[in-house]
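Here is a friendly note to read with the model open beside you. Take the points in order and find each element as you go.

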Amino acid sequence: MTPWLLVGLPVAAAVLGVALRRNDLLARAVAVGLGAATLLVAVLAWALADGSAVSAGPGLRAGELAVPLDLVLDPTRGALAAVVALVALAVQVYSTWYLETDDRYGQFAATVSLFTGAMLLVVVSADLLLTVVGWEVMGWCSYLLIGHWSRRAAARRAALKAFLVTRVADIGFVLGIIGLAAGAGSTSLSAVLAPWRRPTACIDAALADGALAGEALTACGAPDGALRATLLVLVVVGILGKSAQVPFQDWLADAMEGPTPASALIHAATMVAAGTVVLAALFPVFADSPAARWFLGVAVAVTMLLAALLAFAQTDLKRMLAWSTVSQVAVMLSAVAAAPPADGADAGLLHLWSHALFKSLLFLAIGWAALAAGGTAAMALRGSAAAAPVLRTGFLVGFLSLAGVPLVVVGGLSKEHVLVTAWDGAVQADGPGVLVLVALVLTAAVTAAYSTRGYLVLTAHVRQQPTATGVPAVVHGVLWVLVLLTVFGSLVVLTGSFAVHQVSALWMLLSVLVIGVGVAVALRGGFDRDPAQVLARRFVPVADAGLGVDLLYRRVVATPVLRLARLVAFVDTEVVDAYVRGSAVATRAAGWAGARLHRAERPSAAVGLVLTGVVLLGALGVLAWS
Amino acid sequence: MVMSLLLALPGAVGLWLVTGGRGLPVRPARWVAAATAAATLVLAVVVVALGSSVDRPWLPELGMRWSFGLDGISVPLVLLTATIGLLVAAHAWAEMPTGGSPATFLGCLLLVEAGALATFAARDAVLFFVAFEVVLVPMWLLVGRYGDDHDPRARADAAHRFVLYTAVGSTTMLLGILLLLARAGTSDLRALADGAGGALGGGTQLAVAALLVLGLAVKVPVFPFHTWLPPAHTTAPTAGSVLLAAVLLKMGTYGLVRLPVATVPDGFTRLAPVLAVAGTVGIVWGALVCLVERDLKRLIAYSSVAHMGFVVLALASGSETGLQAALYANVAHGAVSALLFVVVGGLKQRWGSVDLTVPRPALRETSPRLGFVLLLGLAASLGLPGLAGFWGEFLAVYAAWDPAPERSRALFVACAVAAAVGAALAAAYALRVAGIVWAGDRPDPEVATTPDTSGVERVVLGVLAVAVVGLGVAPMVLLGTTADAVARIGGGP
């Protein structure tokens with residue numbers, strides 16, 4: 001029952017929120033109150049979770065296909081649900097202040113609640129169909145949230161772009177899920193995993209008996225490897241879209257047009273992180289398919305480095321955080337791509353957990369700083385952390401975590417685990433482990449560099465210190481809670497919710513070294529100058545334009561599709577409809593001719609009739625004779 | 001008894017309104033029509049609850065029976081028709097088209113409803129055909145006389161096209177029915193489904209199936225027989241558009257399930273690849289036209305072509321999942337398209353035209369309730385889970401991916417891929433409309449605002465919105481209703 005409550009509470013909050021949207025006070029009470037209740041349920045569910053417990057769903061009678069619609073809860077899912085609910089609650093509390101004067105606060109809060117419900121559904125789903133439901137609903141909510149300020153053309157465009165890019169990628173996701181379900185005749189997660197896994201024990205036994213590889217595969221009823229790889233690649237395509245990975249990366253930076261709390265939600269705990277959750281659920285099958293692992297590995301290796309470089313050179317610090325999300329989500333997914341089959345994908349999920357904490361902290365803090373400074377550009381934000389003590393601490397802790405400094409903060413620990421997992425994968429050498437490891441190390445250095453940059457810019461000493469007045473104590477409280485969790489969140493490994501190995505001191509030393517290099521590079525221009533201006537002055541305009549990928553999307557997809565659509569519309573009216581119009585014209589012509597022929601006063605009509613009759617008879621005779 | 005009453009009540013009152021009561025002023029006529037439609041809905045619920053049916057000899061020499069009854073497949077459609085009937089009758093308070101006497105208009109609505117109810121309840125092939133035809137003339141009147149009064153020529157053209165095109169389709173279907181009747185020796189749909197039709201030879205089955213599918217494809221409509229639909233929708237008054245989309249198109253797909261799929265399964269199997277390709281082309285074709293179409297009513301009509309493509313693809317797949325998907329998507333499209341046509345019809349009434357190139361104040365700013373319902377309809381149209389459109393279309397793609405065993409796997413998988421692409425295109429056109437009509441700049445105080453929905457229109461929209469959400473949140477109710485009847489028809493032979 002608990003998982004249904006977990007999904008139901010935020011959805012109920014959304015429905016109530018829409019109903020009460022005109023009264024800000026009630027809308028606020030519903031959003032925050034039910035958000036808190038969701039967090040409570042999630043924490044309880046996590047604390048009480050003992051092994052994996054499936055709650056039966058209502059089920060659908062869909063002919064041959066079994067659709068049980070079950071949910072499942074285990075400690076890992078419990079931990080993820082708790083962090084999602086926590087970030088959502090933080091966002092709700094923060095929005096009561098941030099959107100205080102917004103005339104559509106009610107709609108915003110309701111959409112955030114629905115978004116939370118959809119993400120929780122993906123987390124606790126034990127049915128691929130429910131996963132698709134949560135997945136798509138999240139996409140729709142992102143459209144509404146990014147386009148919240150729909151009076152601005154830029155926000156409308158960003159919302160449209162976000163939805164369409166992810167939806168195009170979802171063609172792959174839906175087909176992949178359908179294909180996997182078709183192989184099992186069921187959408188239940190456990191039923192789907194079974195027939196697509198490689199029956200390793202059986203094959204090994206057969207091989208030991210001296211059977212040939214092909215015979216062993218047939219005898220054990222092994223699934224079709226090529227089909228499995230195709231389907232998983234399709235699923236991964238969808239995940240690359242939702243997680244803003246190459247080649248779909250460009251929508252996320254534009255999505256910064258949305259209100260900052262929405263960005264915090266989308267980046268920290270939902271939407272972009274959902275792909276990691278889905279792949280972790282499919283991991284037993286995914287691990288058996290080297291082709292799919294390589295596909296994902298290459299995509300995320302390229303993404304994490306590219307996005308980190310782009311983040312470094314952004315003039316807008318909110319967009320810098322957006323690109324850092326792209327890079328960090330690639331780090332999570334890289335753990336799934338490279339993990340040895342025996343280890344599972346928990347290192348990626350652990351990084352999701354810690355990323356949710358520090359990224360929500362960074363976003364909420366930068367939203368506050370931007371309000372104080374009056375803009376999100378690096379120039380405007382210079383020194384804005386001085387607006388409140390919690391901002392200074394928050395940025396310090398957040399950027400330390402983003403850079404992945406070990407032992408001090410939560411992000412450091414989880415990144416170590418990802419590194420170790422990639423190393424294990426590289427050693428076992430049947431996946432993209434080496435590639436991922438190299439990319440991870442390079443990315444770590446660049447990440448350290450742009451984290452340094454962000455911190456330097458935000459905490460620079462400026463003569464006129466910005467101030468933000470009227471920030472309620474509860475918002476201070478939210479940020480302090482996130483600061484504390486970012487520092488002490490690493491203790492989550494002690495609960496055993498994530499199955500990860502120990503990290504050796506050697507790895508930590510190596511990380512510190514790599515981070516040190518990144519920091520040193522960033523500090524080349526001294527403490528007072530923006531490192532991006534020192535190191536990458538020429539690259540900045542290119543990076544701000546996201547390498548011009550937007551133009552590429554338009555040239556390669558949008559324009560040809562619209563051209564085709566115009567052609568189709570033309571053919572529809574001028575060709576497909578022509579025979580209909582033609583038959584109408586022919587009927588009318590025949591009627592006219594008949595009427596004309598039957599006018600008695602025209603003697604020529606009779607002649608015409610006779611002539612026609614003769615021609616027809618003649619034609620008949622010719623046909624019959626030949 | 002109740003069954004006969006259900007069919008007779010709207011039929012009799014409708015006939016009286018178009019003949020004897022034609023001079024009735026608008027106010028009593030509205031009440032009469034609304035009361036009749038409400039009573040019909042109550043009767044429909046009673047019939048469904050009691051399982052009432054009627055079965056008498058009709059033309060004993062030909063073995064035809066006056067037989068009406070419901071099963072799991074027809075129950076949702078009867079309820080849908082009765083509900084839509086009440087909603088369009090109520091909508092007369094919001095919009096009463098000019099062009100003739102109000103009583104005739106309302107009578108035509110009731111006659112269409114009566115014909116549709118009889119079509120869904122008929123258990124005899126000839127009876128089915130007769131009921132199917134009854135709908136044509138009142139619908140023709142609705143489009144031709146009460147349609148858009150801006151352009152009489154376009155109105156006449158749309159009405160003629162509608163009636164001629166569908167009459168040609170019906171004639172083809174009649175040939176199919178007569179051939180089936182002559183060869184199988186019975187017109188009882190239950191007997192035909194239980195094996196009397198399946199026992200026919202392969203050639204006969206193919207001929208019967210081809211005639212039936214061709215005739216019904218016009219009604220659905222399946223690409224390339226869809227070009228009558230956009231002009232008819234553009235011209236028809238709101239109530240006519242709603243009936244057309246939510247009831248008349250459903251008769252086509254219902255006919256496909258009852259006649260070719262159930263009675264001549266082997267013949268249908270041989271035609272299935274053609275039908276699947278036609279349906280899939282319709283999905284992509286309709287969506288592409290929607291990307292550039294300027295008239296919002298035409299756009300929704302083309303989106304109907306795309307949605308019916310999913311239904312046809314699912315039917316062609318031949319599996320039980322496919323049948324379930326088709327029946328679900330059928331009803332879902334009824335609710336969604338009714339909602340969209342009420343909104344768009346309302347917009348046309350307010351604006352005079354629904355040309356998308358004319359800049360107008362954004363609905364989200366000036367009339368948030370209308371905007372919300374429009375957005376809901378668009379979201380359902382693009383297949384958002386939790387709303388009506390999703391389940392049918394997802395299951396349709398699944399059914400195409402995994403068709404019944406005797407069908408070409410490669411072809412159907414290709415169709416599934418194309419259908420999934422069509423679903424992404426649906427998102428593009430739905431958001432195109434949302435971007436133009438719903439979202440926009442802060443309105444200019446100088447420009448007249450669009451009045452928000454109120455009164456009866458608001459109630460009608462509210463009911464439809466609840467139906468769209470309800471179907472999406474609890475798909476198990478509808479799928480559970482149709483499951484047993486579908487299992488009886490089975491996944492092909």
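1. Let us begin with a term: two residues are in contact if their C-beta atoms, placed from the backbone, lie within 7 Å. Helices (H or I, at least four residues) and strands (E, at least two) are DSSP runs, numbered from the N terminus. This is a predicted model, in which local features need pLDDT of at least 70, side-chain atom pairs count only at pLDDT 80 or more, and totals for chains, interfaces and linings use all residues. Residues are numbered from 1 along each chain as its sequence is written, while chains are lettered from A and ligands numbered from 1 in the order in which they are written.

2. How confident is the predictor? For the complex, the ipTM is 0.92 and the pTM is 0.92.

3. Now look at helix 5 (residues 125-134) and helix 7 (residues 152-184) of chain B, whose axes come within 10 Å and cross at roughly 170°. Axes are lines fitted to C-alpha atoms, for helices over the stretch in contact, and angles run from 0 to 180 degrees between N-to-C directions. Helix 5 of chain B and helix 7 of chain B are therefore roughly antiparallel (angles over 145 degrees count as such). On the helix 5 side, Ala125(B), Val126(B), Phe129(B), Phe132(B) and Glu133(B) take part, meeting residues of helix 7 of chain B that include Met173(B), Ile177(B) and Leu181(B). This contact has nine nonpolar, one polar and one charged residues; Ala, Val, Leu, Ile, Met, Phe, Trp, Tyr, Cys and Pro count as nonpolar, Asp, Glu, Lys and Arg as charged, and the others, Gly among them, as polar.

4. Finally, where do the chains meet? In total, 39 residues of chain A are in contact with 45 residues of chain B. Helix 6 of chain A gives the largest share of chain A's side, 13 residues. That side divides into 25 nonpolar, five polar and nine charged residues.

Terms used
Angles under 35 degrees count as roughly parallel, over 145 as roughly antiparallel, 65 to 115 as roughly perpendicular and the rest as oblique.
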